[in-house]
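Biologist: Can you walk me through this one? I'm new to it.

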Amino acid sequence: MDTPQPVFKIRDLNLYYGAVRALNQVTLDISPNYITALIGPSGCGKSTFLRCLNRMNDTIPGTHIEGQILLNGMDIYAADVDLANLRQRVGMVFQKPNPFPQSVFDNVAFGPRVVGLTKEKKELEEIVERSLRQAALWDEVKDYLREDALSLSLGEQQRLCIARLLAVKPEVILMDEPASALDPIATLRIEELMVELKKNYTIVVVTHNMQQAARVSDFTGFFWLGELVEFSPTTTMFTRPEKQLSEDYITGKLG
Amino acid sequence: MLHGIRSTFDHEFNAVRTKLVEMSQLVDTAIDQSMRALLERDCKLARAVISGDNEINKFRFQIEEDCLALIATQQPAATDLREIIAILYMIVEMERIGDYAAGIAKTVILMKEEPLLKTFKKIFKMAEISRKMLTDSIQAYLKRDPEWAQEIAARDNKIDALYKVVFQRLIKIMAKEQDMITRCTYLMWCAHNLERIADRVINISEQITFMTTGTMKEFE
């Protein structure tokens, strides 16, 4: 696999929750237009790591970070970084779909309105339609745009959240267990959507579900006790992992 | 409803199927060329078959690798899983068939320019039937047709009958003329290789049956 300029360059990242070190010297590159999956047992640091990529950990008191994260060359922990702008560039999808208690349309239009992408009604409608199409949801909701988003199924709600995020044109999409609340079919739909989205976006996904990581991702990182034990092409990770610890984890002898 | 939800898997699986077909074409060409080398006493062509066997082996390892990745990352189940297992067996059979073709080519080189014996015609017939068995078996695989696979396997009887005739005739010649022993033995090797090729196709047919019906059935 060729390795183009990374979107994220992470160097010697340490994160402490108070005195507890949750991440230990994590160094890796995230390649553009690939899906990178992060796996590992609960508490291994994978979600903490993901949340570093758009500074979601800043909201947790007592968090302290060392090391460097560059987003296309920009130090995202520099003092002058605009957090709203960072989170527009690096969007996030959570485990539980969290649409606003508003209409389908307003959910997707929310970001563009807040960011001020457009004031034109027609243009806003175009953005909403395009985002819903990209999230493979348009056909299902086009006649229900004014309906309450909470009336959608969970799988649809999750795709709506993805559409909401796409509307502000992010560079990277972070996904924290995006399918763990969904049934198998809705899960496969999300996975298919991820593969479709990587043509235009870079995706980093945290998942408990090793099989899901295997199915959708191009690269897999295995975290253990806050350390990135191995980072390999997914096929390598699941057929001949380089580290014994990775082997033990993915074969179920550990964790 | 479920159809097409797993496009990554479908895409990667189709790529494996395409490689398997390409491999079968290389193997078929190897048999064809080894027989032409035998017919025309063409050592250059024989050497090309021998070196070309590497390419066939590479295909086998590549497809094996792809199947491993599919199993490890895509969690195939039911028919998909059986097909992948069948492919893993089929490529080994085809790789061996390639070895038999290379074996014929090696014999051609040993025989150098010695004139052919009449018996050769029957050997050529064996090659014709076994090649058709191979190409048909790949079609039966693509069409997922277990009945066709069984019919293909049954053609081995013709090969066995021809082999028996060739064998007896060569023994007769050898018994009569001592200086023919080497030539006859070489031809016997070629005939034996063709007989083994047909046996390998039977194994492929068995895999097609397993893949399509879920039951392993021996055809011989």
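Biologist: How do β6(A) and β7(A) run, and how many bridges join them?
Modeller: They run parallel, and four bridges join β6(A) to β7(A), residues 172-176 of chain A. One of the pairs is A:V93 with A:M175 in β7(A). This is a predicted model: local features need pLDDT of at least 70, side-chain atom pairs count only at pLDDT 80 or more, and totals for chains, interfaces and linings use all residues. Residues are numbered from 1 along each chain as its sequence is written, and chains are lettered from A and ligands numbered from 1 in the order in which they are written.

Biologist: What counts as a strand, and what counts as a pair?
Modeller: Strands (E, at least two residues) and helices (H or I, at least four) are DSSP runs, numbered from the N terminus. Two strands pair if DSSP finds at least two bridges between them.

Biologist: Which sheet has β6(A) in it, and in what order are the strands?
Modeller: An open sheet of six strands in chain A, ordered β6-β7-β8-β3-β9-β10. Its pairing is mixed.

Biologist: Which strands stand at the edges?
Modeller: β6 (90-93) and β10 (227-233) of chain A. Each has a single partner strand, so one side of each lacks a neighbour in the sheet. On average, neighbouring strands here are turned by 20° against each other, direction ignored. Axes are lines fitted to C-alpha atoms, for helices over the stretch in contact, and angles run from 0 to 180 degrees between N-to-C directions.

Biologist: What about A:L225, where is that?
Modeller: A:L225 is in the loop between β9 (219-224) and β10 of chain A. Its phi is positive, about 50°, although A:L225 is not a glycine.

Biologist: How many other C-beta atoms lie within 10 Å of A:L225?
Modeller: There are 15, so A:L225 is partly exposed. The cut-offs: buried is 20 or more other C-beta atoms within 10 Å, exposed is 12 or fewer, partly exposed is in between, with C-beta atoms placed from the backbone.

Biologist: New topic. What is the strand order in the four-strand sheet of chain A?
Modeller: The order is β2-β1-β4-β5, in an open sheet with antiparallel pairing. β2 (20-30) and β5 (74-75) of chain A are at the edges with a single partner strand each, so one side of each has no neighbour in the sheet.

Biologist: How many bridges does β1(A) make with β2(A)?
Modeller: Seven, with β1(A) covering residues 8-17. A:I10 is bridged to A:L28, and A:Y16 to A:R21. The two strands form a hairpin with two residues between them, and A:G18 in the turn has a positive phi of about 65°.

Biologist: And β1(A) with β4(A), how many bridges?
Modeller: Eight, antiparallel, with β4(A) spanning residues 63-71. A:N14 stands opposite A:E66 there.

Biologist: Over to chain B. At what angle do α4(B) and α6(B) cross?
Modeller: Roughly 165°, and the axes of α4(B) (120-143) and α6(B) (156-176) come within 10 Å. That makes α4(B) roughly antiparallel to α6(B). The angle classes are under 35 degrees for roughly parallel, over 145 for roughly antiparallel, 65 to 115 for roughly perpendicular and oblique for the rest.

Biologist: Where is B:R144?
Modeller: B:R144 lies in the loop between α4 and α5 (146-154) of chain B. B:R144 is partly exposed, with 14 other C-beta atoms within 10 Å.
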